[in-house]
Amino acid sequence: MHILILTGKFGMGHWSASQSLRLQLLSAFPGAEVDVEDFFAYALPDASETLYKCFSLLVTRGSGLYNLYYKATDLAAPLRARPPLEDLFQDKLGELLWERRPDAVIATHPFCAQLVSDYKEEVGSDLPLVTCITDLSSHSEWLHPGTDCYLVGSRSIREALTAKGVEPGRVHVTGIPVRPQFQPSAGRGSRPGGDGTRRLLIMGGGLGMLPRLLGISVPIALSAYARSGLSTLQNLLIPRGLEKYGASKEASFTAYGTVHGMVLPVILYPSALLTVLSDLLLPELTECQVRHGRTHMNYIVNRVFKLSLIFSFLVMGVLFCCSSDLGKAVYQNEDVSFYIRIFSPLVIVMYMDTVVDGMLKGLGEQLNSMKYNIIDSFVSVLLVFFLLPHFGIEGYIATVMLSEVLNFSLSLGKLIQITELRVHLLDGVGKPLACIVLSALLCTKFLFVRLAPAGASLVPTLAFQILMISGVYFCLLFLCRSLTGEDLRWFRTLL
C-alpha cells in the first residue's frame, strides 16, 4: 500500500503534522510505503521559498488583514472558487500522481485538499482522498466534495462540520497528529507523568528556534520594561522641573506638550520608512551571519547606512525649509514651527539611530541594544533632573538632543566594531549635506518664488515645496555621484 501525504510549509505546522501522521501510519501498517511531499516546493521549485516568506510577512506584519480574510471566507457552505494558478498546479499534481501512483492521498493543507478534489472531479478519478484538518477549526477552506474522509482534532470540530453539511460517517475524531514520543505508553501509565515522574515540556516554533527566540525576546522585553519605567519617571520629572524653573503649571504642561506631543511626532513621521526597511533587513542580516556570509553582510550594512543617511539629510532639509508651513498646516501653531526648525538637524541622529539599532538586532546584538537603550533612558532622567530647573524648556530640548547623540554613538560604535562599516566623511556625509544645503537655497531663494502656484492653498503649496526640494536634491546627488543607479537597483530588490 502506497500513501502520499500532500502538505506545505506555511508556518511548519502542516509539515510537522504530516511527519507525525506518517510515523503513525508506518506503525499501524508496517508494510506500507508512506511519503510526505511539500507540494508547493514540488510545483514551484524556484519560487516556493519566496512564497513562504511572503506568507510569513503577511501573518506577522499584516495579521489584521489576514484575519479579516480568514473570517470573511469562513462560509456556511464551502466556497467554490478557482485557486490561483490552478492550471499550473493541476498539471503538477497530475505529474506527481503519475510518478508516485499512490493508493490513497492524505491532504494536511486545505489548498492541497482542494486541488486533489478538483482533480478527481475533472478526470473522474476514484482515488481516495483523506483530509486531515491540522487546525482546531472547521473553516470552510477544508471542505471539498471530493474528500472521502475527514480526520479532525475534537468532537466539537466534528459537530461543526456536520452542521455545514458533511455526512457524519465521513468525519472521524483522531486528534491532531503528534509524534509517538508524546503518545501515552503502557510503561508510563495512561497519561504523561502517570508513573510519578515529573516531566517538563518545552514548546517552540516549527523551525526549532526557541533558544534563539528567547535570546531575542527576553532582552527586548527587559529593555522595554526598563525604558518604560525610566520614561514614566522622566515624564513625572519634566513638569516639576519646569515649575522649579519658574513657569506656571499650565505653562509647563503646554511647553512640554508642544515639544513632546506635537513637534516630535511630525519630526519622526517620515522615519516609518526606515523602520520598515530595518524590519525587512533583519532576517537577511541574520541569515548572512548564520551562514558566515560576511562579505554580503558588510555590503548590506554599508549600502543601508549610505541610503539611510541620504534620506535623513533630505528630511532634515525639508523640515528646516518648510517648518513654518508645516506648523500651520498640521497644528496652526507658530510655536510648533519654531521647534520643528530647532529639532530638524537632530533628524540625522534620530533616523540613523533607528537604522543602526535595527541592524544590530539583525546581527544578534540584542543585549547590547538593550544596554544602550537603558543607558540612554537613565542619562535622560539625570539630565531632566539637573537641567530643567535651571534652563526650562531649553534644558528639555538639550536633554533630547544629548540622549539621542549618546544612543546613536554607542550603537554606531558597536556596529563599526562587528562589521566593516566605513563612514566616508566626504562622500557619505559632506556631499549629501552640501546637496541638501544647495537645494534649500535654490528652492527658497529662486524656485519657490518663480514656480509656486499662485493663489494655491497652504497644503498644495507645502506639497509643491517638498517635491521641489526633493527633486533638486536627488538631481544634485546624481550629479556628484553620491547616488548611483546601482543604489536604486539594490533598493528596488527590497520592494
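**Stop one: an aromatic pair**

Select F89 first: F89 is buried, at 5% relative accessible area (buried is under 20%, exposed over 50% and partly exposed in between, using a 1.4 Å probe and protein chains only). Before going on, keep in mind that this is a predicted model, where local features need pLDDT of at least 70, side-chain atom pairs count only at pLDDT 80 or more, and totals for chains, interfaces and linings use all residues. Residues are numbered from 1 along each chain as its sequence is written, and side-chain values use heavy atoms, with hydrogens and water left out.

F89 and F111 make an edge-to-face aromatic pair, 5.2 Å centre to centre with 75 degrees between the planes. For pairing, ring centres of Phe, Tyr or Trp (its six-membered ring) must lie within 6.5 Å; planes under 30 degrees apart are stacked, over 60 edge-to-face, and the rest tilted. This pair links distant parts of the chain, 22 residues apart: F89 is in helix α5 (residues 86–100) and F111 in helix α6 (residues 110–123). Helices (H or I, at least four residues) and strands (E, at least two) are DSSP runs numbered from the N terminus.

Which residues form one aromatic cluster with F89 and F111? Select F10, F39 and F40 as well, and you have it. The whole structure has 11 aromatic pairs. One of them is F10 with F40, edge-to-face at 4.9 Å centre to centre and 90 degrees between the planes. F10 sits in the loop between β1 (2–7) and α1 (13–28) and F40 in helix α2 (residues 39–43), so this pair ties together parts 30 residues apart in sequence. F10 is buried at 13%, and F40 is buried at 4%.

**Stop three: charges over rings**

Jump to W98: the charged end of R101 sits over its ring, 3.7 Å from the centre. Such a charge is NZ of Lys or CZ of Arg within 6 Å of the ring centre and within 35 degrees of the ring normal. Then pick F320, where R341 lies over the face at 4.6 Å from the ring centre.

**Stop four: two helices**

R341 also turns up in α13, where it is among the residues that meet α12. Show S323, S324, L326, G327 and K328 of α12 against E334, V336, S337, I340 and R341 of α13 (contact means heavy atoms within 4.5 Å).
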